[in-house]
Each structure stands twice: as structure tokens, then as C-alpha cells.
Amino acid sequence: MKTLLKYFYLPFVLLVGVLFFSSFLVDKSDKGQASFPYKKAGLTDRQAALHLLNRFTYGAKTEDIDFVLKTGLEKWFQQQLTGKLADDSLKQMLSVYDVINLSNQEVSNIYPKGAQVLRRAIKDGYIDKDSVNKADQKEYRNKLKAYMDDKGLKPQQELFRQFINQKILRATYTNNQLQEVLTDFWFNHFNVSITKNDCAMFIPAYERDVIRPNVFGKFENLVLATAKSPAMLYYLDNFSSAGTNTNLEVQPKRNPAMLNQTVNDNMKAAALQKLQQNRKNQGLNENYAREVMELHTLGVDGGYTQQDVTQAAKVLTGWTVFPMDEEGAGGAIKKMIEKVGESKLEERGFIHQGDFLFAANRHDTGEKNVLGKRFTANGGYEEGVQLLTMLAKNPSTAKFITKKLAVRFVSDNPPQSLLDKMSKTFLDKGGDIKMVLTTMVNSPEFWSKEALREKTKSPFELAISAVRTLDADITQPFQLYNWITKMGQKMYYYQAPTGFPDKGQYWINTGALLNRMNFGLALAAQKIPGVRINLAKLNNNHEPESPEAALTTYSKIIMPERDLSETIKRLTPMLSDPDLINKVDKAASNAVVPNASSTMMNADENRLMSDENMMVKPKDPKGKLAVNKAKQSSFGNNTMLAQVVGVIIGSPEFQRR
Amino acid sequence: MTSRRGFLKAGGIALFGVGLGGVPSFVAQAAQMIQAPALFKKRKTLVCIFQRGAMDGLMAVNPFTDQYLKAARPTLFMSAAKNATNKPLIDLDGRFGLHPSMAAFESVFKDGSLAIVHGIGSPNSTRSHFDAQDYMESGTPFNKGTASGWLNRAVGLLGHEAATPFQAVSMTSSLPRSFYGDQPSVAISNLQDFAIQLKGNPNGANMASKSFEDLYDQTSSGLLKETGKESFDAVKMLDKIDTKNYKAANNAIYPNTALGNALKQIAQLIKMDVGLEVAFAESGGWDTHFNQGTTNGIFARNVNDLSECIMAFWTDMGTLQDDVTVMTMTEFGRTVKQNGTGGTDHGRASCNFILGNDVNGGKVHGLVKPLAIENLEDGRDLAVTTDFRSVFSEVADKHLKINNDKLLFPDWTGKHIGMMKG
């Protein structure tokens, strides 16, 4: 039965594929490219293409398999590694989001924290401080809103909403799938969290400027870029870390020439002194130094001691955020910088790069020793760069990082032989991520049958793969985010610097699993506002003659290249229930579901989508008519089809990749 | 990972033995095992409530004889003197007075089942909500990278496998940091969501539910198969819960607030005997920088809700009280001095409440020195004199019989303070 189906099916999809992709010009001249060793593992070309897609994209349709085959597996992979495929339609989609490209400084101007807004509103006389928590809540909120409107301020929630919307759209529609998958991987590896107020507003730029451009580069670039980013500096507190700076304390006296040249001497001295007091209020903070070793580079068993952590923390003192507003400690630094002048500060060892500031006055000037490497006194900013580069290239790091990659891309328990190869490449090629991935995909272990579909999809992967497979039209991406949260992955809100654990057991627990099934049902039944699918179109508008045919056809569309005989066998009794049509009709009359194959969705879509009630009970009489009409045919009933598809999306097989 | 849970080992019979037709399989198995009584053992439950935002411990449990406090809080000071204008504090022991809006706690304090620990906090002096909550929930105040939360570790140290998926339940929309870790736990804000459901189409959901159950039963993935089975067992179990028409015992009335609803559902789970051992709920609004008020106002409303909710739960527990302990926690306390906007800013130590029949109650434990500047931490805050881990581990030890502090709180080597009996 299985073979028969496959033979029946293959020519069909090949034909579709050829027609569909005939417009693509595929350059076959790429020579010297070794073939991936999947034949030895007993995989067919199609199985191998699917496996490649399962590992490096957010989910595949039959056409995608055809495309990879036509392009050539190796070449397809090479193209993905560039991250530079054209993405015009995605760009078009994202153009409506007006704040996702703001700089950190702009974000800080427009989206201050809630408490900051309140303080400013009181300071500017918009709100009487005595009225907070006392006055009529509505009036109070109105005043606050008036203040924000006047000052051009906006609530942070709006920033996060746009950011998350673009994430969903990007993952779903980008042609540079591997880049997005890796962005997710590295973000999670260098996790920061919206739950931490201080770093929250910098997270959109963190993913955009710090993570995404570096996902294919050298690992040390990621370490350095994250170390200097406001999001990480705030999240792991290094922004506040200060050490004993002997130079600064004696210098103003010992080297009066430097400060006492101009008429502003006293002001400058006072500014520096103030800054020094500022520093004294804070001490050494080891959080980042510890986590950069434990979680970002060496790994918990990477062979470092508490002494190394403290010493590394001293190396990194003074690594902080260039102040963006006038308030708090940052305001004092900002004033000082304005008074003293940046060029003077540079002479004193300050470094200003974008949002990053190396505040020499907060840097510990003593000698340090980390993992046996000596940092002589007064090393300044360069010390930190040397330290991080050294950590990034350490053999423990090679092991730790390549294992994490293998767990992400091969299986929860990757074989040691594979890890050894990847780790060797990491060390030989100076932490070149592209080369490590290439080694991985050229290893037989990557293609072994044990690795096939061995990974459990995370809730994000599940949701995105479902909308990709069903070719959904997404007008309200945040609705998907809400489902992903319900399924147990509140993205960007994972509190611990470990990031989400990358293993099946973490994702699959009772509550989460039920919500995965509910997600499938809701998606297929068009109950997720702003996420439209057209089930008939998926099958080229061929209407399956029977529920059984629908089951077979749609199982194959949603989960190509799999042995689904058992799934189909299990689901058939449900469909052959003689009462089925009645039951479904009854269900359908209770809930009017928009007809998936109708074209009632049009320019008014957005307006409709914004009102959830409209979706459940469309007032449009035409919509109703279409549904009623559909119900009359024996199986043109979309409720039934939606039910079948919903069960497939929620089925155990679809939870794996 | 071969067997994640030993459902048959405990619980579930009292209520489900009677249900015909949809008897969850683990209940049926347990019923078969009932001949071996050692396997069927009633479990204790620890209910933790996190007061997010940092409660002003000095206002909740007020050292009202302290003249320094009076001086530091010109408009926020409260008195135990019975005068006509304001409700007085409830004098607990001549030194500490309970906020009058927490009058619900008076009876349990007097009968010795409510203990208060004052001066409790973290050895890490951070005054950031995020960091302090993170440290308190991971239980490692100097280590951010601890992957697990202390309550998850506690579950792992119980020494027996879970009876049902409801061994550790957080009544929150996503998993709190305390619950991070390898032990399976459930985060759910409404128990009614624990079902296969499709908006507006219950029949469709029903049919789909059967299909799903069958599909998960045959899958080759052990993890999906087992969890699938547990899920459907759990659904059948909770099918019997009717949160809307729940009748609390002993005329207990839960406030219709987030915390009240969370505790009500925890009570339902405890009564259903589904093997709940660690429960978690949250209470918000404690970050009172502005006009926190005294006998009225935001703080009064908060403590009123906290105490009324806990006492409704406690009354509802009735004869089950012996098996339940409730503990509150908050990330830090607030400044001794009131600020310029009628509130208090981030401080150090606060206090917490522990309610249970194995609690050494009727006492304010811990050490609160006179609030003279020289006794304050950094010259401004109530000093931390009791490490939160000391109290958490004592509760876990005495109530849940977890005796491995090294694993529960790595890096901690303190002593218990005797706030539990025995």
C-alpha cells in the first residue's frame, strides 16, 4: 500500500515541482562540491532533501523538496550559508512596521520604561505626585497618556509587539531560512530577556544588529558583539561593574597639566571627581564574567575556577553602555563626557563605539590572571578584547559550542564521532561557524537514520512549520505568538541566561502537548484570527471525494516523504463512523466557519481580522451562504476537512522534524 | 527517561474510583495496586505565593514601638494605639503590629499556625526586582546561570515519582523561574483550559480528542506516547472539575481576584487528591513608590487581598489543613525612610508568612534591630538577618521531608531558625 501510494504520488509532485520552478534559473556549474553522504545511510534523494529542510528551515512543503532537488542539495546548502538570497516580498511585508529599524538611542528616546515616564510626567507637572495611586485611575491614565502624546512617547509594549510580529513573519516567509534558524539558535545561546526591564528595550536591536549579522561568521565575533551590546550589558549587569582604578585617583594631582590647562579646570576636576564617586557606589559585578565562561564559551565543565571568574570580571570592568538619556547614573556620565570632551577622554583610554562605552575610569587597573594568561597592569580596553577572544578560541569552547550545534541540528544525543569532527573544524578554522556546519552536514552521522525526525519541534518551530506547510496568509502574527506562548515558549521572555533548553523533554509536557493539539485544530478551523489558510488550494482545488481520500491526500501534503500508513489506519475509524457527517454538520451549525475555499477574504481582511467576533460569526451573508452550500455536498464540507487537517497538525508525527 | 512517572504509585482513587466509563488508566492501575497499602500514601502540599514587586515588610508587620521608624516615616507611620481616627495595628507581641487590613491573619497567629519571619532576605544586596526575584527563585543568590528553580529541585528531591501530571502546578500563564528545570511541571492559569477544545465547536473537539488519543497511543516516539497518555488521563481527571460552580467548604469565600482564583483552583486540586505537592501562585502590585497609604490605599488593599485569599484557602482546606503549608515570599523589602512621593523605595529585608499546622507559629521569628542608622544596611534599609534559604529549606525539610540542602540550595550552609515545629 505504501509503495503503491508513493508511485502514484511521485510523478504528480514532480510535475508540479517542475512547472512551479521552471522559472528559476539554476546554475549547475558549481563543481568540486562533494556530495552529502546520505546514500550510504540509505536515504533517497528526496528523503535527504527533506531531512536537509527539516534541519535548516522552519518547515517544508513538497515544492520545497522539489526545489532543493533541482538546485542540488549541496548547492542549496551553500546558498543558505550566504544568508543573502533576495527577500523582496518579506521586505514588503515588514515595511508596515515602522519601529523595527530604530536605533537603540531612538528607542530610548521614544519608549522609556513605565517608571521613567511617570517620573518625567511628575517632573514636568503633568501629574501631581500626590495623585498617584490615589486619584481616579481613569483620569490618571488619561493624564499620563496626554503627557506621552505631548512628548512623543510610546508604550514599550508597542515596540515589542512590532518586534515579535516581524519575527514571526521573517521566520515564516524569508528565503534565508538557515539564517533565521541560526538567529534563533544564537539568540537563545546568548539569551537576554524582556522580563528584565533594564535590557528589554534594547532587545530588538540586539537581535537585528548583534545576532543576525553574525550568525555565519566567526564565533569570537558573536562573543565580542554580545559583550558590547546594551542588552547584554544590562541583562548580566556588567554595565555597572567597576574596579579599583589607581590611575584615576592619583592622576589629577600627579598630572595637573592634563586637567588644568583651560579655564574650565575646576569644572572638569569636579566632573571627574563626581564620576569617581559614582563609581565608588558600585563595585565589581561578576555576573557577566561568570556566564560568559559558563554559558557562552567554555561550558560549566570547561575548566575554570571561581578565581578565574573574579579575575575575568576585573578585566571587564568599565565595559558599559554609552549613556542615552539624562537620568540616573548615565546622566552624570553623559554630562561629564560633554564637559570634558570625547577626544580628551580618548586620550585617557575611553573607547566609544556605537552604544558601547569603555569607561576607563571604572576599569580595574591592576594586573590580572585568567586561565593562566597574564594581563599586565593598565591594559585598558584591549584586555577585555583579548580575554573574550581567548575564551572564544579555547578547546573547551570548541567542544561546548559544537555539541550545542549538533544537538540543535542533528539530535538530542549526537554521536561522539560527529562531535569530534565538528570540534576539530572549530579549532582548525578559528571558530568559523560556516565551516563547522559544513563539516556537520558532510558527516554520515548527520544523515543516519537515527537522526531522522529525531528532534521535537519547539512550539515556535511547530507553529511556523504549520503555517509554512499550509501556506498560510498571516495578517496578525501576534496571534501565533500567543499560541506559541500557550504551548510553553514565551519567546524573548525566558528569564534565565541559559536560554530555553533544547531537548524534547522540556517541550513535551501534558499542558503544552494538549495546547499543541488545540493549536492544530484552531489553525485548520480558521479560528486563529489573522491567520488564513486555503485548504482546497493546497490540493490544487481538487476536492477529495471522501473523508478517507482527504485524510490520505492531506497527510501527504502536510507530511511528505513519510510512512503514514499507521497514522492513516488509526484515523480511518473516526472517518468511517456512519454518524460522522451528522455529527460534523451539527458541529458546523453551531459554529459557522468561514469557507476556506471561498474568496470572501479581501481588502477588508485587516479590518475583519481585528475583530475576533467577526471571525466566529461573520455577518457577511455571503460567507454564511458559502458555508451552508458547502455543507450540502457530501464532503465539500470544510469543517470536516479542517478537522482532518487539524488532527494531522496536532498529531505526534507532526511534532517531530 | 524510560519511565517518567509512576502514576500508579499514589493518589487519585478517592474521587475517581466511582467514575464509570472514563476512569483514567493510572487510576485503574492504582486501584489494582490498592492491596499494597504502602504504595498509596497521602502526600503533603506546599503552596508558595510570590509577592512580586517587593512588599514593605515594615508596614505589613510593623515594629511600632520603634521611634526611628516613626521619625523616618512622617506620614506612613502607623500606630497600635486605639484612637478614633484610624484603625490601629493589631498588636502581636507588644513590639510588632500587623497591618489592620490583615486582620484575617489574627486568628491563625493567635492559634499558633501562622509564623512570621522578619528581617528575611537575600545575601545578595541587589535592589533590582529582576535580579532579586531571579536569585530567590533559582535559590542561588550569586549565580545567574543556575538552570533550575528551587521548587523544581524540591520536586526532584521528594524521593518518589509523581502520581499524576499535577505534582507541581503553577497557576500562572507561563512557567515561573522557580519551576524551571528537569522535573515535569505544569503552568496553567485556568484548569478549564486543560482539555482538547475548539472555540465554538465542542463536538469537533470531542471527536478530535478521540483521534488524538489514538494517534498518540501508537506513535513510535516514547516521549510523545507517554506524555500523550498522561495528558489524556489528566483531561479526564479534570473533566470533573467545575471551577465556575465550585463550592468551597466551611463557607469560605475567596475574593474574586487573581490570587483568590489561583488559590481556589489549588484547593480544588488538593481536594481531588491528584497528587499535588508543590503549588505556586503570584500576587502583584507591591512596588509602592508612590502614595502607598496607611490604613487605606494601595498597600492596605494589597495586604487585605493577600490575607483574605490565604485565609479563604485555609478555611476551605478544613480537615486537610494538616497536609498543607502556605508560604509567601517577596524579593526584598523597602526603605525605612519614606520617599518624596508618599511611598518607599527598594530596600533589603522584608518579612514573610508561613501558615500550617506544623509551623511554629504565633511568633515573629528573626531579628529586627532598632532602626537606628547604624543598624541599617547601607545606612538606609532594614538589614537582612535571616537568609531566605534558611526559611525555605526549613519548610521544605519539615513539611515535604526534603533533607538535602546541598542539592536544594547549593552554596548555602546556614542553619534553620526553628520556625517549623520539631
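This is a predicted model: local features need pLDDT of at least 70, side-chain atom pairs count only at pLDDT 80 or more; totals for chains, interfaces and linings use all residues.
Mentor: Residues are numbered from 1 along each chain as its sequence is written, and chains are lettered from A and ligands numbered from 1 in the order in which they are written.

Trainee: Let's go with the chain contact. Which helix supplies the largest share of the side of chain A that touches chain B?

Mentor: The contact takes 56 residues from chain A and 51 residues from chain B, where two residues are in contact if their C-beta atoms, placed from the backbone, lie within 7 Å. On the chain A side, H18 (287-296), H29 (504-507), H30 (510-524), H33 (565-576), H34 (580-590) and H38 (638-650) each supply at least two residues. Helices (H or I, at least four residues) and strands (E, at least two) are DSSP runs, numbered from the N terminus. The largest share, eight residues, comes from H30(A).

Trainee: And how many charged residues does that side of chain A have?

Mentor: Sort them by class: Ala, Val, Leu, Ile, Met, Phe, Trp, Tyr, Cys and Pro count as nonpolar, Asp, Glu, Lys and Arg as charged, and the others, Gly among them, as polar. The side of chain A that touches chain B then has 20 nonpolar and 21 polar residues, and the charged ones number 15.

Trainee: H30(A) also meets H38(A). At what angle do their axes cross?

Mentor: From H30(A), the residues in that contact include A:Met517 and A:Leu521, and from H38(A) they include A:Val645 and A:Ile649. The contact divides into nine nonpolar, three polar and one charged. Axes are lines fitted to C-alpha atoms, for helices over the stretch in contact, and angles run from 0 to 180 degrees between N-to-C directions. These two axes come within 7 Å and cross at roughly 150°.

Trainee: Now H27(A) and H28(A). Why is H27(A) called oblique to H28(A)?

Mentor: Helix H27 (459-469) and helix H28 (477-486) of chain A have axes 8 Å apart and pack at about 140°. Angles under 35 degrees count as roughly parallel, over 145 as roughly antiparallel, 65 to 115 as roughly perpendicular and the rest as oblique. The packing angle of about 140° therefore makes H27(A) oblique to H28(A).

Trainee: Which residues of H28(A) make that contact?

Mentor: The contact divides into seven nonpolar, no polar and no charged residues. H27(A) brings A:Pro459, A:Phe460, A:Ala463 and A:Val467. Facing them from H28(A) are A:Leu480, A:Trp483 and A:Ile484.

Trainee: Over in chain B, is H10(B) roughly parallel or roughly antiparallel to H11(B)?

Mentor: Helix H10 (258-272) and helix H11 (298-317) of chain B have axes 9 Å apart. Residues that meet here include B:Leu263 of H10(B) and B:Phe313 of H11(B). The packing angle is about 15°, so H10(B) and H11(B) are roughly parallel.

Trainee: Last one: how far apart are the C-alpha centres of domain 2 and domain 3 of chain B?

Mentor: Domain bounds come from an automatic or database domain assignment, which puts domain 2 at 42-191 + 248-408 and domain 3 at 196-238. Four residues of domain 2 are in contact with four residues of domain 3. The C-alpha centres of the two lie apart by 38 Å.
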